[in-house]
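Trainee: I would like to learn how to read a few features of a structure that is new to me. Could we go through them slowly?

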Amino acid sequence: MKELSMHILDIAQNSISANASLIEIIIDEDIEKDILTIIIKDNGKGMNEEILKRVTNPFYTSRTTRKVGLGIPMFKAAAEACDGFFEINSKMGKGTVVKAVFKYSHIDRAPLGNMVDTLLTLILSNPNIDFIYVHKKNNKSYILNTKEIKEILGEVPINNIDVLKWIKNNLKEGLKDLNENL
């Protein structure tokens, strides 16, 4: 995949398939330490030990629509190709945590990509799931929490077009502020 945001979208889709009601996406850009960390956590059904051992194998998938599962293996390969590492931990009935660490300045590291559109896609398509997005860059951070937004909205659905426009602008401004004055 040409952008890391596509990997994030793919892993989040796995969380949705695992019946998660809460998905946390954490991005930590530590430029001083030259490290980019991406964590996707969910409270879905989790995986047993046997599946957990096999999930990084591209020739294993739990899907019935195809015979290979490339999302997790490709994310793992992307991290390892950039002097980083990949971890996945899961507990049945508790959820899964996927962590990919990259050398920030590595020449082969794909760009982060369009996180605004990635998050909007997830929120629009899954209004009953809560998303927490935390993006850190050195000593600054931005947080979007759909559970808090839903509480403020009351009866107005989070996938209402005006709400989505507000979320999009909030994400753009938050990420712009994160990148200013570094």
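Trainee: Which residues does valine 97 touch, not counting residues up to four places away in sequence?

Mentor: This is a predicted model, in which local features need pLDDT of at least 70 and side-chain atom pairs count only at pLDDT 80 or more, while totals for chains, interfaces and linings use all residues. Residues are numbered from 1 along each chain as its sequence is written, and side-chain values use heavy atoms, with hydrogens and water left out. Contact means heavy atoms within 4.5 Å, and on that basis valine 97 touches Ile39, Ile40, Lys41, Glu87, Ile88 and Asn89. Valine 97 itself lies in strand E4 (residues 95-103), strands being DSSP runs of at least two residues and helices (H or I) runs of at least four, numbered from the N terminus.

Trainee: How are two packed helices described?

Mentor: They are described by the angle between their axes and the distance between the axes. Here the axes of helix H1 (residues 4-17) and helix H4 (residues 115-125) come within 9 Å and cross at roughly 15°, the axes being lines fitted to C-alpha atoms over the stretch in contact, with angles from 0 to 180 degrees between N-to-C directions. Angles under 35 degrees count as roughly parallel, and H1 and H4 are therefore roughly parallel to each other.

Trainee: Which residues in H1 and H4 meet?

Mentor: Ser5, Met6, Ile8, Leu9, Ala12, Gln13 and Ile16 in H1 meet Met115, Thr118, Thr121 and Leu122 in H4. Leaving aside neighbours within four places in sequence, methionine 115 is also in contact with residues including Ile25, Ile27, Tyr133 and Leu175.

Methods. Angles under 35 degrees count as roughly parallel, over 145 as roughly antiparallel, 65 to 115 as roughly perpendicular and the rest as oblique.
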